[in-house]
Amino acid sequence: MQVFIKIMVSVLIVYYIYCTYVSLRAFLNKRLRKRVRAACFLRILSAAVLLTGLGIYVFVHLKAETVTYSYHNGIIIPQSSYGKYDSVLLAVFAAATVLIIASIPFDSLLHSKASAKVRNIAVSLVLAAATVIIGMMIVAVNYQGDLSDHDPAYFRYDSPDKSRSIVICERDHADTGYGDIYQIKNQKAEKLGTFKTADGLRNQGKYKLEWSKEQIKVTFLYKPEQYKTVAGKFIDL
């Protein structure tokens with residue numbers, strides 16, 4: 001199924017490039033009707049907007065991704081430095097799609113035959129679909145890093161003297177279990193470390209914790225009858 005999807009996406013991208021090339025040639029042909037050239041101009045403009053979105057993506061990714069965390073309502077909320085550009089990219093690709101759709105009346109109304117109108121509208125809609133798919137692909141790959149938890153569970157622990165607090169987020173993916181350790185203070189959070197378990201095992205919040213002024217040691221069940229320990233150094237929040 002994934003191979004089929006990749007083939008279809010590749011076909012749509014090739015189709016989009018071909019249609020843009022045809023539109024450019026038609027726009028440069030001054031003998032064509034103004035409405036046809038107007039439709040071609042809108043499609044060329046759509047391609048330029050789409051290219052601008054791609055340029056924004058490349059510019060954003062020239063810098064390394066940073067991830068910050070916050071603590072709200074008992075859960076850890078990650079925020080990628082790339083993710084804050086998602087709304088900008090979505091707006092750009094929405095504009096590219098609108099331009100394609102806006103081109104439909106210009107060339108479809110030139111034909112008196114219903115079949116010709118349907119054909120032109122169908123071509124434009126496929127082109128709009130290609131624009132949407134290309135745009136969403138760029139938005140999707142912009143979301144770097146494994147920030148999405150798989151059915152996460154959060155467990156909070158306070159030190160005996162109440163001076164420190166941590167949250168352990170348990171999650172699993174495929175055959176691997178994960179535990180992320182966060183230091184929290186009010187709504188601030190910082191990731192101190194992570195650990196893995198075999199076969200997607202979860203500890204269900206059952207950990208042995210060793211508190212000190214400098215760090216926290218977390219002993220967890222790695223797999224049945226085998227324990228491991230990971231340490232995280234505290235920071236100033």
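A charge sits over a ring if NZ of Lys or CZ of Arg is within 6 Å of the ring centre and within 35 degrees of the ring normal. With that in mind, select Lys 228 and Tyr 222: the charged end of Lys 228 sits over the Tyr 222 ring, 3.8 Å from its centre. Then pick Arg 171 and Tyr 178, where the charged end of Arg 171 sits over the ring of Tyr 178 at 4.7 Å from its centre.

A word on what is on your screen: this is a predicted model, in which local features need pLDDT of at least 70 and side-chain atom pairs count only at pLDDT 80 or more, while totals for chains, interfaces and linings use all residues. Residues are numbered from 1 along each chain as its sequence is written, and side-chain values use heavy atoms, with hydrogens and water left out.

**Stop 1: the aromatic rings**

Select Tyr 157, Phe 195, Tyr 207 and Phe 220, which form one aromatic cluster. The structure holds 6 aromatic pairs (rings of Phe, Tyr and Trp, the last by its six-membered ring, pair if their centres lie within 6.5 Å; planes under 30 degrees apart count as stacked, over 60 as edge-to-face and the rest as tilted). Zoom in on Tyr 157 and Tyr 207, an edge-to-face pair with 6.4 Å centre to centre and 90 degrees between the planes. Tyr 157 lies in strand S3 (residues 153–158) and Tyr 207 in the loop between strand S6 (188–198) and strand S7 (208–211), so the pair ties together parts that are 50 residues apart in sequence. Helices (H or I, at least four residues) and strands (E, at least two) are DSSP runs, numbered from the N terminus.

Are these two tyrosines, Tyr 157 and Tyr 207, buried or exposed? Tyr 157 is buried at 15% relative accessibility, and Tyr 207 is buried at 13%. Buried means under 20% relative accessible area, exposed over 50%, partly exposed in between (1.4 Å probe, protein chains only).

**Stop 2: the largest pocket**

Next, select Val 22, Ser 23, Arg 43, Asp 107 and Val 123, which lie nearest the centre of the largest pocket among its 14 lining residues. Helix H1 (2–28), helix H2 (34–60) and helix H5 (114–142) each give two or more residues to that lining, and H1 gives the most, with 5. The space in this pocket is about 220 Å³.

On a 1 Å grid over the protein atoms alone, a cavity is a set of points where a 1.4 Å probe fits but cannot get out, and a pocket is an open set with protein on both sides within 12 Å along at least five of seven lines; lining residues have an atom within 4 Å of a point. Grid points are joined across faces, edges and corners, and a volume is the space filled by probe spheres set on the points.

**Stop 3**

Most residues other than glycine have a negative phi. Lys 162, though not a glycine, has a positive phi of about 65 degrees, and it is exposed at 63% relative accessibility. Now jump to Asp 199, in the loop between S6 and S7: its phi is positive too, about 60 degrees, and Asp 199 is exposed at 69%.
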